[in-house]
Amino acid sequence: MCQQFFGFESDAVTTENWESLYDNAAAKMAEPDWEQQVLSKSGLEKVFLTNDFDDPLTGFDTSLYVPCLRTDDLVFHFTKRETRDRLEKATGSSVSDPASLRAAIGQLFEHFTKNGAKACAISIPPTFSPAAVSESEVEPILTSVLTGRELSHDEAAVLSQFNFWTLAGFCAEYRLPFDLMIGVNRRVYEAGVFQGQDLYDSRVSLIQYRELFNAFPQVTFPVSVLAQTSNQELVSYAWIFPNVVTNGHWWYSNIPPHIELDCRSRLSAVPQTKQIGYYSDMYKLEFALPKFAMYRRILAKVLANDFVIDRGWSEERAIALGKLNLRGNVETIFQV
Amino acid sequence: MCQQFFGFESDAVTTENWESLYDNAAAKMAEPDWEQQVLSKSGLEKVFLTNDFDDPLTGFDTSLYVPCLRTDDLVFHFTKRETRDRLEKATGSSVSDPASLRAAIGQLFEHFTKNGAKACAISIPPTFSPAAVSESEVEPILTSVLTGRELSHDEAAVLSQFNFWTLAGFCAEYRLPFDLMIGVNRRVYEAGVFQGQDLYDSRVSLIQYRELFNAFPQVTFPVSVLAQTSNQELVSYAWIFPNVVTNGHWWYSNIPPHIELDCRSRLSAVPQTKQIGYYSDMYKLEFALPKFAMYRRILAKVLANDFVIDRGWSEERAIALGKLNLRGNVETIFQV
Amino acid sequence: MCQQFFGFESDAVTTENWESLYDNAAAKMAEPDWEQQVLSKSGLEKVFLTNDFDDPLTGFDTSLYVPCLRTDDLVFHFTKRETRDRLEKATGSSVSDPASLRAAIGQLFEHFTKNGAKACAISIPPTFSPAAVSESEVEPILTSVLTGRELSHDEAAVLSQFNFWTLAGFCAEYRLPFDLMIGVNRRVYEAGVFQGQDLYDSRVSLIQYRELFNAFPQVTFPVSVLAQTSNQELVSYAWIFPNVVTNGHWWYSNIPPHIELDCRSRLSAVPQTKQIGYYSDMYKLEFALPKFAMYRRILAKVLANDFVIDRGWSEERAIALGKLNLRGNVETIFQV
């Protein structure tokens, strides 16, 4: 990234060369057309965002920066007064019972899809299991929340399940894929910097999603797992469930040896149209170039070794699979 | 398979060529000696079956199609009236208490071993833990079942444990290996086709089998695990327990990159006489050829890289290990 | 090992050649300077021990054989009368309450550090979760133990947590790294030989150590995991937590294909100064040579493939990383 964008010529950042790198980067990034330079040099045509549910989605080109409804707060932090206030403010409505809560969530889908949103997304702790919850079951719990009573662990889980299931229902209604990032534990290292506090727990199974995947056959679920140990389960679920797609979002396991292994098993066993190769979690626009370069090198190696050499595929056929994995499936699944 | 059996000449089945493939396959498979053609072309000398416990084992050559007592229904579906009726019908006996249940199961072993059965087999959900259960402990539970009362989850588990432990005891008495396929969750995708509904849960540990492996040192347990994440535990258990053998039955994880990894660690660390290379779960007679061809390619690659190149073994020595893994150990362990 | 130390010339130990090997080994090992021969031929400058907490640490050169306080008994077998007697005898003190227990443990640290100990170490079953326990909470439990009452499972866990947390506190005070070997199940194969009875359970997560790693930022925790499935979690924890170091102690998973995978992901993703390449669990002095030879071959292969070839590193840079991983980090972390 430093070599491509900032004219850096060394192999590593050291105490000797960091200052000139800093200066060059600062100068480059201050150029008025820097965003365009990055997009163009990186070959980026669209960037998929994850937006807070109360994002007005104004002030940017939504056909370039494609909105996505991020729903962690609605599902896992609805007991916080702040979340409920944000929901009421964003929708201009009042949440007083399950029906009005559902209606408010529906308004978010209306707002997001009107503004070109192509997906709903959520990251989920390893202990959560989605389940259908009736309005009558959640009603006393919701009333408790609204009147400021502290929920028990079990009550909070039921409320999370109700909101999650409501989101899945609206994904069906609005024909949006529902991206699931499964296995995140937040704030494990409390003294860590922003985005440097989270870890995961490999003791999670996709069996927790059995009811969900069966209940919403019309919703596509691009699923990414944090623990590499979950990859084989994901490959098998994508093979068995027509609505489960493997999503190449590796996050903390963003390590070439793991990506290579996962890539090998997905290319071998997941139906070709049901794999999204790489979803970079790029954080900064500049990160796309090195992250995709890394993934493309891994993908090229796997296609060459496992397909062209081991299976005798032609290079053209292997490249076509690579393009589907990198690009074609994204266009089909997210309808862009 | 299509190229070898049906004269197919393309690299992939497409919408253009499927019809002629279908016609050729239908014609070939209708030939009166098709079974012999497949056996001969595939190099098959014996096929190991898994038979329902009430299979009469008549009408086929049991020295070619070797019977095996499949016991899932006895252990996990004994609460169903249908299972008990089948048991009573197959054994001509009446099950009224633990002793008569045990006797009926013993009759199955008598029938199967008289007809050349070489193993007892079962597939087991990830939550099950075998344990010794006394007759007095299971008696009230069995009485409940026989009188049609619904069992609690815990009672059903005790009954499963009793039946499972009884099977292990008869394996000792009749000197049959007890094949364990550990980790199956049945009917996860309810709308799936037959044999396309099952998945697994990687949250399983062989520690659940500690009591079993210790209690029956005289019984050989060829163990296969569904989750690749369990492979290393299995390798270690086979290293420590003299009666545990790794079984190459990969099922849903039947993916070359996983098989290659598992194969590498098993060849490295499991005693040479305690590894069954590949147990294909072939479903159809025609599947043996491509499945074993895949495994043999992986095995050859691992022997070449890890043994001949990395360890300086002679090719002869590597091939001898390959033969033991593929064939010799099967003959010894199943006494064929 | 046999070739290097005993003049063995074959590739494998067989029924034909074992006797002359036995004779040669017996003769060599009886030579008066055998220990020096092994040290010199193996290139060993120091050996890190794990010593019982009541080891007098006399009769050997502690700058060559570096002591380490092994604490399994204190944490997991303190309910045994024998452990308490040993503690009282070793410290010449009487344990009657939490304060005197803490003081006795402190005396062990005093004794060990005076004698050159460079670490505290413990192996931990997969179910254990460290937690801070107050003296008032543990007091009635400790009283029960001292008066011979049997503890409940939960009470015993609290006592283990108190002792463990006390050890971590003294590691902070005495500036000792605390080696954690996570995931051991002891005596699984009861009929096994010494050091051939233990296995592990892959259902463990480092999330269980969240409170510990946050509470003692000043203590370095070299962590090794038994299950290969835990390696990716460990890599991520070492990346996030400044006080977590990956320790290359693979034990039962001491299998080249696993070590290679783990080595690849650690070299890729763990900060370079926070990885201890190989900690051999060597048992016998003679084992160091073949064990480190195995690891060095794996390390060399990974450095060559993943760094020199794939990333274009110079050989010098790769070798420097290898030296840090094999040797430099050990010197820094254990202050030798």
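## The sheets in chains B and C

B:Phe221 stands opposite B:Val244, which belongs to strand 9 of chain B. Strands here are DSSP runs of E at least two residues long, helices are runs of H or I of at least four, and both are numbered from the N terminus. Strand 8 (residues 221-225) and strand 9 (residues 244-247) of chain B run parallel and are joined by three bridges; two strands count as paired if DSSP finds at least two bridges between them. Zoom out, and chain B has an open, parallel sheet of six strands in the order 3-4-5-8-9-10. Strand 3 (69-70) and strand 10 (275-276) of chain B sit at its edges with a single partner strand each, so one side of each has no neighbour in the sheet.

Before going on: this is a predicted model, where local features need pLDDT of at least 70 and side-chain atom pairs count only at pLDDT 80 or more, while totals for chains, interfaces and linings use all residues. Residues are numbered from 1 along each chain as its sequence is written, and chains are lettered from A and ligands numbered from 1 in the order in which they are written.

Chain C also has six strands in an open, parallel sheet, ordered 3-4-5-8-9-10. Its edge strands are strand 3 (69-70) and strand 10 (275-276) of chain C, each pairing on one side only. Strand 4 (residues 120-124) and strand 5 (residues 178-182) of chain C pair in parallel over five bridges, and C:Ile122 has C:Leu180 in strand 5 as its bridge partner.

## The nonpolar core

The largest nonpolar core holds 242 residues, and A:Phe178, B:Phe178, C:Leu69 and C:Phe178 have the most contacts inside it. Such a core is a set of buried Ala, Val, Leu, Ile, Met, Phe, Trp, Tyr and Cys residues joined through C-beta atoms within 7 Å. Buried means 20 or more other C-beta atoms within 10 Å of a residue's own, exposed means 12 or fewer, and partly exposed is in between, with C-beta atoms placed from the backbone.

Take C:Phe178: leaving aside neighbours within four places in sequence, C:Phe178 is in contact with C:Cys120, C:Leu167, C:Ala168, C:Cys171, C:Val219 and C:Phe221. Contact means that the C-beta atoms, placed from the backbone, lie within 7 Å.

## Helix 8 of chain A

Helix 8 (residues 153-174) of chain A has 22 residues and reaches 32 Å from first C-alpha to last, close to the 32 Å expected at 1.5 Å a residue; that expected span is 1.5 Å times one less than the number of residues. Its buried residues include A:Phe162, A:Trp165 and A:Cys171. Among the elements covering the buried residues of helix 8 are helix 6 (98-114) and strand 5 (178-182) of chain A.

Most residues other than glycine have a negative phi. A:Tyr283 has a positive one, near 65°. A:Tyr283 lies in the loop between strand 10 (275-276) and helix 12 (288-311) of chain A, and is exposed, with 10 other C-beta atoms within 10 Å.

C:Arg187, not a glycine either, has a positive phi of about 55°. Its loop runs between strand 6 (184-185) and strand 7 (199-200) of chain C. C:Arg187 is exposed, with 11 other C-beta atoms within 10 Å.

Key
Contact = placed C-beta atoms within 7 Å.
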